[in-house]
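These are my notebook entries on one protein structure. I set down what I looked up, topic by topic.

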Amino acid sequence: MANQLIEELKWRGLIYQQTDEAGIEELLNKEQVTLYCGADPTADSLHIGHLLPFLTLRRFQEFGHRPIVLVGGATGMIGDPSGKSEERQLQTEAQVEANVKGIQNQMHKLFDFEGNEGAVLVDNKDWLGEISLISFLRDYGKHVGVNYMLGKDSIQTRLEHGISYTEFTYTILQAIDFGFLNQNYNCKVQVGGSDQWGNITSGIELMRRMYGQTEAYGLTIPLVTKADGKKFGKSESGAVWLDETKTSPYEFYQFWINTSDEDVIKFLKYFTFLKEDEIAELEQSVKDEPHLRKAQKALAEKVTSFIHGEQALEEAKRISQALFSGDLKSLTAEEIKAGFKDVPQVELDANTTNLVEAIVETKISSSKRQAREDIQNGAIYINGERVQELKYDLSDEDKYEGSFTIIRRGKKKYFMVNYK
């Protein structure tokens, strides 16, 4: 089973670094392994940039191993310098606690916590919060050399611009986490993003110095990159969150379905649990019939269903189809808002009802002459319906919830008209 798991991880491109490749494989061969991955609660939701290490941890669970999912209620109050060029803004204790609860709830979408073999959810505040300053310095700090810490990339890259003592000590706190989980949960492997390599190896070194020879390993996941060089995980409106109140299931679905042909197979391997033969078939489709976008549809459906459930997926597909066909009448006001979140927002005086005047006032058309031409030529649509009457007056029936109207000019230029 170990060989099968490791080979699958390699095929999916999920292994970036291992502290001891042979040792990890031997460990996976001889026993059910407990391993962990953590996230600091910098917000009350994870975004898709956090997904890959946790999905990789879930793959271990699929092969019979036991994951520990750590949400850093303590480390979240300090701030990880890894991958950051400047100090983080410290959050209040109340903010961090609220963030911890939000992220813990989301972890139930990613892992099976049921039964004796289920995943374990922990908060490092439960043990780090109990350590006094004197204990931290005597029991842990004495085992960590300053020169050793200065050799870590996460520290080195910050020295030029400056790093506070608070963030300087972060790697020790994460090292304590690994040691605590090793001693109390028999946790032998830490999984993390490639930027966590220094923190992971610090944990193994601390255990070696404190407990002597300790069976502990680290495995990192590659940074997710896009073929066009743009940062992964961002849409036009910002980060793509797992919280549906921050990123609606429709927006979430659209992010994945807009994946390029160059990236889609890699993302299918990273973010779905589809088998090798299924992905190979989709890869062939990208080559032979790219216009059908079968791979993108499979990616969007699998990830959206996994995070938000089947019902949310079906709603996202229905909104997508309605917007594609222009059939807006079948959508609710909330669905319209989700679908048109990124279109230009314009304001119109509620007393302006004549269509010609309305599209000039909102600058949808550049002049009254242009507006009349656009209407007569059939280029203007109100909530998906073509309007060609110059004397057309906007009525309450044209307003969703009495507050906005969707006007389209030409094939694709949409505007959300809000009434003031």
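Predicted model: local features only at pLDDT ≥ 70, side-chain atom pairs only at ≥ 80, totals over all residues.

**Surface patch.** I looked for a nonpolar patch on the surface and found one formed by Leu133, Leu137 and Tyr165, with about 350 Å² of accessible area together. I then looked up leucine 137, which lies in helix H6, residues 133-140. Leucine 137 has a relative accessible area of 41% and is therefore partly exposed.

**Annotated site.** I consulted UniProt, where an unreviewed entry lists Tyr36, Tyr170 and Gln174 under "binding site". I placed tyrosine 170 in helix H10, which covers residues 170-185, and glutamine 174 in helix H10 as well. Is tyrosine 170 buried or exposed? Tyrosine 170 is buried, because its relative accessibility is 3% and the cut-off for buried is under 20%. Glutamine 174, at 7% relative accessible area, is buried too. Setting aside residues up to four places away in sequence, I listed the contacts of tyrosine 170, among them Asp40, Thr75, Asp80 and Asn199. With its neighbours within four places left out, glutamine 174 touches Tyr36, Gln190, Gln196, Asn199 and Ile200. Of these contacts of glutamine 174, Tyr36 is itself listed in the UniProt entry.

**Six-stranded sheet.** I traced an open sheet of 6 strands in the order S1-S6-S5-S2-S3-S4, with mixed pairing. Strand S1 (17-18) and strand S4 (120-123) each have a single partner strand, so one side of each is left without a neighbour in the sheet. I followed strand S2 (residues 34-39) and noted that 5 of its 6 residues are buried. Strand S2 runs parallel to strand S3 (residues 66-71), and 6 bridges join them. Within this pair, leucine 35 has proline 67 in S3 as its bridge partner. Strand S5 (residues 187-193) and strand S6 (residues 217-221) are also parallel, joined by 5 bridges. Glutamine 190 has glycine 218 in S6 as its bridge partner, and glutamine 190 is also in contact with glutamine 174.

**Five-stranded sheet.** I recorded a further open sheet, with 5 strands in the order S9-S13-S12-S10-S11 and mixed pairing. Strand S9 (345-348) and strand S11 (385-386) are the edge strands, each pairing on one side only. Strands S12 (residues 404-409) and S13 (residues 413-419) are antiparallel, with 6 bridges. There, isoleucine 406 stands opposite methionine 416 in S13.

**Salt bridges.** How many salt bridges does the structure hold? I found 20 of them. In one, the side chains of glutamate 205 and arginine 209 meet at 2.9 Å, N to O. These two residues are separated by about one helical turn because they are 4 residues apart in helix H11 (residues 197-211). Glutamate 205 is buried at 18% relative accessibility, whereas arginine 209 is partly exposed at 46%.

I then took up lysine 337, which meets glutamate 334 in a salt bridge of 3.7 Å, N to O; both lie in helix H17, 3 residues apart. Lysine 337 also meets glutamate 401 at 3.3 Å, N to O. This pair links distant parts of the chain, 64 residues apart, with glutamate 401 in the loop between S11 and S12. Glutamate 401 is exposed at 53% relative accessible area, while lysine 337 is partly exposed at 33%. My last item is a network of salt bridges that links Lys30, Glu31, Lys188 and Glu215.

Technical notes: Residues numbered from 1 in each chain as written. Heavy atoms only, no water. UniProt positions renumbered as here; feature names shortened; annotations may be inferred. Buried < 20%, exposed > 50% of the residue type's maximum accessible area, 1.4 Å probe, protein only. Contact = heavy atoms within 4.5 Å. Pairing = 2+ DSSP bridges. Patch = residues over 30% accessible without salt bridge, like charges linked within 9 Å, V, L, I, M, F, W, Y side chains within 5 Å. Areas by Shrake-Rupley, 256 points an atom, 1.4 Å probe, with all protein chains shown as cover. Salt bridge = Lys/Arg side-chain N within 4 Å of Asp/Glu carboxyl O.
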